[in-house]
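Please find below my note on the structure, for reading alongside the coordinates.

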Amino acid sequence: MAEAHSAVAFSFAITHEGWDVNFDREVLNLVWQSGMRSWKKRVARFMNSVHNGVYPAHLWTLWLTMTVISAIHFSGYKVPYDLVAKIMPILPGDTVKWQLVASMATALSIWLCIIYTMRYTLKALLVYKGWMYESRVRGSKPSLKTQIWLALVTMFRGWNTPKLYSFQGSLPKLPVPKLHDTMSRYLQSARPLLDDTNYARMERLAAEFEKGIGVKLQRYLILKSWWSSNYVSDWWEEYVYLRGRSPLMINSNFYGIDTIMMETAATQAARAAAAIYSCLNYRRLVERQELQPILIQGLIPLCSWQYERIFNTTRVPGVETDKIQHWADSNHICVYHKGCYYKVIIYKGRLLNAAEIQKQLEYILNDKAEPLPGEEKLAALTAWERTKWANTRRVYFNNGVNKQSLDIIEKAAFCLTLDDHSYKYDPEDSTQLDNFGKNLLHGKGYDRWFDKSFTLCVGTNGRLGFNAEHSWADAAVLTHLWEIVILDEMENGYTPEGNAKGEVLIEPPTPQRLKWDMKEDCQKSIELAVIAANELIADIDLKIMVFNTYGKRFMKTCKVSPDAYLQMVLQLAYYRDAGKFSLTYEASMTRLYREGRTETVRPVTLESNAWVKAMCNKDCSVDERVALLLKACTRHQRAYQDAMCGKGIDRHLFCLYVVSKYLEVDSPFLKEVLSEPWRLSTSQTPHGQTGRMDFNKYPNCISAGGGFGPVADDGYGVSYIIAGEDNLFFHISNKKSNGQTNCHRFAKHIEQAMLDMRELFTQYKKLQQNGSSK
């Protein structure tokens, strides 16, 4: 009854003495504050919509245009095309008042014409991608064409400070490649992986597809590209992510790790509070669109669409397909600690500061409450097969107290797990860092809410990381947030006692335990989910390799792209590990286009294979090996640039396959191509997305990146990050059930390949200096 009483703001009853009204002023005050915050956000969204709607101009230019046009008209001069005189007959009078209305209408028309001319001119300019293919050698100047283009982009993007979504209307659509071009690129990528017989068969299938059903599928795809903002992204989100029925844990979710080179003096509650406060400030910047959009070379915008769903977002399971649910606002986060879930209000008239949030978290850490039946391992359902989780949710969480508590978790800004163990890193004991990564990738299988957009995880020693769901956005978006969280901590610091800085100015709301009523059948389902999660965890292995012998600084002296350099390292390491070449996936971004996400780069080429074989041939000279390597790196860099510019292979083929399924036609070519396993799946974690990153000031402020599980049962998942000038981190995963793969063995091959590459270039430079070659 106490809980029920506190849940209402007022009550009334009719007695023999009249009306009896009771109300809770505190609750009414919270309702009032919530309403005011909601209206402020609506006003802010409206103002942002106006700002973005008129970008690259500013609203004050409208008032200026109206003033100038009115002044010209009333001075007796004609405005351009004598528009005022042409508008006057339409109006009901010709008095000064109506002349002023006509002048303003003329000004508005001229102003809108200028704005949309600038916007669509900028959009047309951003279609040009020639700048990307030009030399990146230090000191070299761009071509005259690109210089003129840069000047025009600078002019037409305006001088108004852009907001987060200001460039969305100016970004071009992702172009649909020509069918013949995609076929040619595919066959070129398949050649190094197929023998003569299989390649001839694949050539025949490709030719039949290109001349046959492919023509019809291409027409439908072009039609879709005209109608939609991006011809790939919606289908990619639905068919690759939301329709997948496999567990999210390990198979789809990814993780991010702390700055392991820095020790934190903060307590668990303080570090968590500082991270929460930083995340919430970041959310405010996103909501107000005050976060600056990422600009390549300070000029060329990337799409910011994915930022919309960082917070207040969850993936809701369905029997056949999931859906992404996003809420406009949330005034709480959800905290999990020692099997108990808590609702933590983070607003009380204003956003709580870090010290006030720390007080709330200390309450949770000191709480002696025991988990309710089924509560401790409840999140294992989110690590279960999606259809099973959807059915369990429908039966046991569709009404009553269970639904209310589930709503609190799903509508939270994000989730936080306060673990009851520490996250350790010791350079002398690499297994500690491996365990750190495993904790973030899967935890215990039931202590991360895998459906949430992301879950912050904090160990007892103050180290932290995150686990993120993948369907709503790609890793680059969340790593941008992660950089801000780390930088805020570096700049703000903690008190000597390890507490968050600031004062507790108001008494923060007390965390509320979530209530559950899980019957025996529900608990049995949870136990089945735990068993399935444990099987997945037992099968996954992870190695995080810290490589600090050299890094980007040395690679740049070799005059090759660092990414191409590392991809060649991975090819050499994989060949030594597996004794063969396999289809390799590298993710690149397509955010130069509106609502762009990713495209696949295929690092295995004839050039990379030739170089790898040369490295394994003792009779090859240094000059020959370097020449082959430079050729392979150039080929890879070109493929990466093509992928970023909408000239990739796999997204186009994927969309053609989706169209074929809608039309209920079979294509042997598409079926075979899309069934090829990616035995080596790789991705580079971006670093330094914010201009605040200063390695001279904070040399150890280096995130170790993050990782993911293998895509193929008999393959590897490899994520790497180029951290600063002299540090590299490789996150390597594989499944133990496959006896052919071993992440620890593969890590040693990568390390040896890195050393061999350095030795190769060192010998080459010496030979050049001596003016002779072996």
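The numbered points that follow cover cavities, salt bridges, backbone angles and a surface patch.

1. The model is predicted, and the points below should be read with that in mind. Three cavities of 30 Å³ or more are found in the structure. The largest cavity holds about 100 Å³ of space. It is lined by 17 residues, of which Leu174, Val232, Thr598, Glu599 and Arg651 are the closest to the centre.

2. Three elements each give at least two residues to the lining of the largest cavity: helix α10 (233-242), strand β16 (598-601) and helix α22 (650-663). Sorted by class, that lining has eight polar, six nonpolar and three charged residues.

3. The second largest cavity contains about 50 Å³ of space. Among the residues lining this cavity are Cys334, Val335 and Tyr336, then Cys415, Leu416 and Thr417, and also Asp447, Arg448 and Trp449. Strands β8 (332-337) and β10 (415-418) each supply at least two residues of this lining. By class, the lining of the second largest cavity has eight nonpolar, two polar and two charged residues.

4. Side chains of opposite charge can pair when their charged atoms come close. Over the whole structure, 39 salt bridges are found. One of them joins Arg597 to Glu237, with 3.9 Å between the closest N and O atoms. Arg597 sits in the loop between β15 (584-589) and β16, and Glu237 in helix α10, so this pair ties together parts that are 360 residues apart in sequence. Given the cut-off of under 20% relative accessible area for buried, Arg597 is buried at 3%, and Glu237 is buried at 13%.

5. Which residue forms a salt bridge with Arg393? The partner is Glu410, and the closest N and O atoms are 2.5 Å apart. Because Arg393 lies in helix α13 (residues 386-396) and Glu410 in helix α14 (residues 400-410), the pair ties together parts that are 17 residues apart in sequence. Both Arg393 and Glu410 are buried.

6. Lys403 is partly exposed, its relative accessible area being 32%. Elsewhere, salt bridges with shared partners join Arg245, Arg315, Asp322, Arg386, Asp451 and Glu469 into one network.

7. Most residues other than glycine have a negative phi. Gln289 is not a glycine, yet its phi is positive, at about 60°. Gln289 lies in the loop between α11 (268-287) and β4 (295-296). Is Gln289 buried or exposed? With a relative accessibility of 11%, Gln289 counts as buried.

8. Gln297 likewise has a positive phi, of about 55°, although it is not a glycine. Its place is in the loop between β4 and β5 (300-301). Gln297 counts as exposed, with 58% relative accessibility.

9. On the surface, a nonpolar patch is formed by Leu144, Ile148, Leu152, Met155 and Trp159, which together have about 570 Å² of accessible area. Ile148 belongs to helix α6 (residues 144-156). With a relative accessible area of 46%, Ile148 is partly exposed.

How values were computed. Residues numbered from 1 in each chain as written. Predicted model: local features only at pLDDT ≥ 70, side-chain atom pairs only at ≥ 80, totals over all residues. Heavy atoms only, no water. Patch = residues over 30% accessible without salt bridge, like charges linked within 9 Å, V, L, I, M, F, W, Y side chains within 5 Å. Areas by Shrake-Rupley, 256 points an atom, 1.4 Å probe, with all protein chains shown as cover. Salt bridge = Lys/Arg side-chain N within 4 Å of Asp/Glu carboxyl O. Helix = DSSP H or I, 4+ residues; strand = E, 2+ residues; numbered from the N terminus. Buried < 20%, exposed > 50% of the residue type's maximum accessible area, 1.4 Å probe, protein only. 1 Å grid on protein atoms, 1.4 Å probe; cavity = no way out; pocket = protein on both sides within 12 Å on 5 of 7 lines; lining within 4 Å. Points joined across faces, edges and corners; volume = space filled by probe spheres on them. Nonpolar A, V, L, I, M, F, W, Y, C, P; charged D, E, K, R; others polar.
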